[in-house]
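Dear colleague,

I am handing over the structure below, with its sequence, for you to look through when you have time. My notes on it come after.

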Amino acid sequence: MKITPLDGWISQKIASHSPLQPAALAAYQLEKLQATLDLARSKSPFYREKFKDLPVKLASLQDFQVFPFTSAQDLRESGQKMVCVSQDEINRVVTLDTSGTTGTPKRLYFTQADQELTIDFFRVGMSIFTHPGDRVLILLPGERPGSVGDLLAVGLQRLGAVPIPHGVVRDLEETLAILRTQKVDGIVGIPNQVLALARTSPDLRLKSVLLSTDHVPATIVKTVAKNWHCQVYNHYGMTEMGLGGGVECAAHLGYHLREADLYFEVIDPLTGQPVPDGSQGEVVFTTLTRSGMPLIRYRTCDLSRFLPAQCTCGSSLRLLEKVKTRLSGQVSLGCNATICLADLDEVLFAFEEVYDFSVYLEKRTNPTEITFHLVLQHIANPDMMLQKIKKALLALPAVSQSVAENNLVLQIQHSTSLNYPIQPQKRKIEIVQ
C-alpha cells in the first residue's frame with residue numbers, strides 16, 4: 001500500500017529529511033507554537049489580555065497545555081480582536097451563522113497567504129486518489145473567490161487535474177446530467193447529497209469520491225462504493241481550520257492530519273486535560289502558520305481519539321479516528337436514554353429507498369414527540385416501506401426504551417419527489433423546546 005503523500009509534503013515543509021521523523025515534527029511544532037504565541041501577544045488585543053499572566057517561552061509541548069482554550073463563543077464576541085494583521089491584508093472573511101444560534105455570528109478572517117496554505121493542502125491531499133488529467137466534479141460552494149470550492153479547484157489545477165465547479169446539489173436530475181455528459185472521474189461532495197446521486201445512478205462508474213463537510217456514515221460509504229464501483233475517502237475539516245484538516249489514505253483507517261499547519265490535541269471535555277492515545281475526547285487544534293487570525297487551542301466540539309497503532313500505509317503521522325459525533329450531538333430522550341444523529345444515519349441510510357431525512361424532537365409535548373421527515377425514491381407501496389423503517393428505528397435501544405416507557409411518540413412523514421432539496425448544511429437533530 002502506498003504511503004500517504006502528506007508525509008513527504010510535511011517533511012518538505014518542516015525542512016526535515018525523508019522519511020518523516022516524529023521528533024523532527026515535534027520540534028518544528030514547538031517552534032511554530034512559540035511563533036504563534038508571540039504573534040498573538042504582540043498583535044491581538046484578545047490574546048494579549050488572555051495570556052498576560054502566562055509563560056512567555058515554551059520549553060516543551062507540555063508547557064503549551066497551561067494556555068487556555070478558545071471557543072466558538074470567543075469568535076462571536078471577540079473575533080475582530082483576534083485578528084493580527086491590518087484589514088487591508090485580509091483577503092477573505094467567512095461568516096458562519098449557525099442554525100439555532102442567537103446573537104453575533106462567527107466570522108473568520110484569512111489573508112491571501114493563509115488561503116495559499118489551504119490550496120497547497122488540497123493539492124497534496126487530492127493526489128492520494130487523483131491523477132493529472134482526472135476530471136473532478138466539485139459539489140461544494142464555490143461561487144465566491146476564496147470559498148472552499150474555489151480553493152479546491154485551484155488546488156486541483158495545480159495537481160494537473162481538471163476541476164468541474166458545480167456547487168451544492170440543488171436539482172438531482174441536473175447534476176446527474178452533468179455527471180453523465182462531462183465524463184467525470186471523481187467527485188468531492190456532501191455525504192447525503194452524494195448518496196442521493198449514487199442511489200439514482202448505479203450505472204455510473206467513477207474512480208474516487210471524497211466526502212466532506214459533515215459526519216460520514218459507514219452505510220453511505222458502503223452504498224456509494226458499491227453503486228459506483230469506486231474508492232470512497234473521508235475528509236476532516238472546518239472553516240476554523242482554514243477548511244482543511246485531514247484526509248484518509250487508501251487504508252481508510254482514519255485521518256492523516258495537516259500537522260505542519262495545525263497542532264492537534266484530544267482532551268477530556270470536562271477537565272480540559274489531555275487524554276492518552278486510544279481514549280476518546282474532544283478535538284482541539286491550534287494554527288501554526290496562519291497570520292490573519294490565529295486560533296489557539298480552539299475547541300471543535302468534535303469527539304474522536306488518536307489511534308495508538310501506526311497506519312498500515314506506513315505513515316509516521318498520527319492517525320485520528322473518523323469523527324462520528326459532537327459534544328452537542330447526544331440528545332436526551334428522557335430517563336437516561338440518549339441518541340445521536342450517527343445512530344439514526346446508520347439505520348435510515350441503510351434503506352436504499354432513503355435519499356435524505358431530517359429529525360425534529362418536540363419537547364413541548366408530553367410525551368416527547370420525535371418526527372422523521374424522509375425523502376424517498378418513488379416506490380409503489382410507501383406505506384409498507386415506512387412500516388419497515390419504523391420497525392428499524394424501534395430496534396434502537398434508546399428509542400425502544402423511551403417508547404415502551406411512554407416517554408416518546410415516534411412519527412414518520414415522507415416526500416417522494418426527486419426535486420425535493422437534499423439539505424447541504426450540517427445535519428442535526430432539531431430540538432423544539
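This is a predicted model: local features need pLDDT of at least 70, side-chain atom pairs count only at pLDDT 80 or more; totals for chains, interfaces and linings use all residues.

Residues are numbered from 1 along each chain as its sequence is written, and side-chain values use heavy atoms, with hydrogens and water left out.

On a 1 Å grid over the protein atoms alone, a cavity is a set of points where a 1.4 Å probe fits but cannot get out, a pocket is an open set with protein on both sides within 12 Å along at least five of seven lines, and lining residues have an atom within 4 Å of a point. Grid points are joined across faces, edges and corners, and a volume is the space filled by probe spheres set on the points.

Searching the whole structure gives two cavities of 30 Å³ or more. The largest cavity holds about 60 Å³, and its lining consists of Asp114, Leu117, Thr118, Met241, Gly242, Arg258, Asp261, Leu262, Thr287, Thr289 and Arg290. Helix α5 (residues 112–126) gives the largest share of that lining, three residues, where helices (H or I, at least four residues) and strands (E, at least two) are DSSP runs numbered from the N terminus. By class, the lining of the largest cavity has three nonpolar, four polar and four charged residues; here Ala, Val, Leu, Ile, Met, Phe, Trp, Tyr, Cys and Pro count as nonpolar, Asp, Glu, Lys and Arg as charged, and the others, Gly among them, as polar.

Turning to the open sites, the second largest pocket has a volume of about 350 Å³ and a lining of 19 residues, of which Gln29, Leu61, Tyr263, Phe264 and Arg318 lie nearest its centre. Two or more lining residues come from each of α2 (22–43) and β10 (262–267), and the lining divides into eleven nonpolar, four polar and four charged residues.

Finally, Lys106 lies in strand β2 (residues 106–111) and is buried, with a relative accessible area of 10% (buried means under 20%, exposed over 50% and partly exposed in between, with a 1.4 Å probe and protein chains only). Its side chain makes a polar contact with the side chain of Glu240 at 2.8 Å, a polar contact being a pair of N or O atoms within 3.5 Å, of which, within protein, one must be able to donate a hydrogen and the other to accept it, while residues adjacent in sequence count only if both atoms are side-chain atoms.

Best regards
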